[in-house]
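Hi everyone, and thanks for making time today.

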Amino acid sequence: KEIKVALHKIDIEINGLESDLLLAGYLLDSSLKNDVVSIMNYFNIDVGIKTGSLDLLASGTDYDFIAKCAYNVISLKEKINSELKKVEALDLYQKIELPLALVLSDMEIEGFPLDEKKLKTIGETFKEKLNNITKDIYKTVGFEFNIASPKQVADTLFNKLNLKGAKNNSTSVEVLEAMKEDHPVINKILEHRKYAKLISTYVDALVEHIHEDGKIHAMFNQALTTTGRLSSSEPNLQNISVRDEEGRLIRKAFHYPNNEYQILSLDYSQIELRVLAALAKSKALIEVLEADR
């Protein structure tokens, strides 16, 4: 997938995909590190280097390493298929994972359109709210301190305001949520954290990843999580909340500039329970799920 995306940038197109060492290694052992050398070692292949990743391949400077990797990828094909067949994962590999890699590469190449101007406007609104919350916090406690510092927040709450919290003076979200009724400043600190995270994680970070075509070309990681769940990075597009108004506002910045295309949001309904019902062949559970369609 990474190779297809990389070559697309210099107008070289790859069609057809028969094997992928990363995906094969992942299906055989999902705890393997996501790099070339770890997977080669898993198959008892010595490529003459202790650490390495696709970055090394992409640099195009270590020709000996690149040649060994290329040769062994080809020579391992039959062995990989045999190992996957032993664990009943060959069909999964050939019919789902390999075709999915091509779909994901097309997604990375296409990218998501993002209105930079709209996102920055949203960011300015958030920054104004954060500034007002900061002033409100100082006014509530009667002095200034670094609200972004857990140590100074703990000192303010537990030493200067004499509030009772956790034994280790933790200021985690869970601890502060439990203390909300103890002092009016607690809610304000939680609000401050929310807007600070929205600005740094979503607004500023997303703006940095906008390419010249006005799109974000995030990576979709097919072989990273041990559970098999798809993840994204550079940036992570899967953690923009829809539970609150601010998160939904950020999502609205993702849109096509004309009406030719629209972004559709879909989600499975109770997918885990449905898989469980199918595997367990539970008539009672199947009836409940079918009645709830």
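Let me begin with a question: is Lys215 buried or exposed? Lys215 is buried, with a relative accessible area of 16%. For that word and its relatives, buried means under 20% relative accessible area, exposed means over 50%, and partly exposed is in between, using a 1.4 Å probe and protein chains only.

A word on where this comes from. This is a predicted model, in which local features need pLDDT of at least 70, side-chain atom pairs count only at pLDDT 80 or more, and totals for chains, interfaces and linings use all residues. Residues are numbered from 1 along each chain as its sequence is written, and side-chain values use heavy atoms, with hydrogens and water left out.

Now, back to our lysine and its partner. Lys215 forms a salt bridge with Glu110, and the closest N and O atoms are 2.8 Å apart. This pair links distant parts of the chain, with Glu110 in helix α7 (residues 90-110) and Lys215 in strand β2 (residues 215-216), 105 residues apart. By salt bridge I mean a side-chain nitrogen of Lys or Arg within 4 Å of a carboxyl oxygen of Asp or Glu. Helices (H or I, at least four residues) and strands (E, at least two) are DSSP runs, numbered from the N terminus. Glu110 counts as partly exposed, at 39% relative accessibility.

Lys194 is in helix α11 and Glu246 in helix α12 (residues 245-251), so the pair ties together parts that are 52 residues apart in sequence. Salt bridges that share partners also bring in Glu191, joining Glu191, Lys194 and Glu246 into one network.

Let's turn to the aromatic rings. The structure holds five aromatic pairs. Rings of Phe, Tyr and Trp (its six-membered ring) pair if their centres lie within 6.5 Å; planes under 30 degrees apart count as stacked, over 60 as edge-to-face, and the rest as tilted.

So where does the pair of Phe112 and Phe220 fall? Its ring centres are 6.5 Å apart and its planes are at 50 degrees, so the pair is tilted. Here again distant parts of the chain are linked: Phe112 is in strand β1 (residues 112-113) and Phe220 in strand β3 (residues 219-221), 108 residues apart. Phe112 is partly exposed at 29% relative accessibility, while Phe220 is buried at 7%.

Another tilted pair is Phe143 with Phe145, whose ring centres are 6.0 Å apart and whose planes are at 55 degrees. Phe143 is partly exposed at 25%, and Phe145 is buried at 8%. Ring pairs link these two and Tyr138 into a cluster.

What lies over the face of Phe143? That is Lys160, at 5.0 Å from the ring centre. A charge sits over a ring if NZ of Lys or CZ of Arg is within 6 Å of the ring centre and within 35 degrees of the ring normal.

Last, some details of the backbone. Asn162 has a positive phi of about 55 degrees, although it is not a glycine. Asn162 sits in the loop between α9 (150-160) and α10 (173-178), and is exposed, with a relative accessible area of 60%. In the loop between α9 and α10 you will also find Asn169, again a non-glycine residue with a positive phi of about 55 degrees. Asn169 is partly exposed, at 36%.

Finally, look for Pro235 in the loop between β4 (231-233) and α12. A cis peptide bond joins Glu234 to Pro235, with omega at about 0 degrees.
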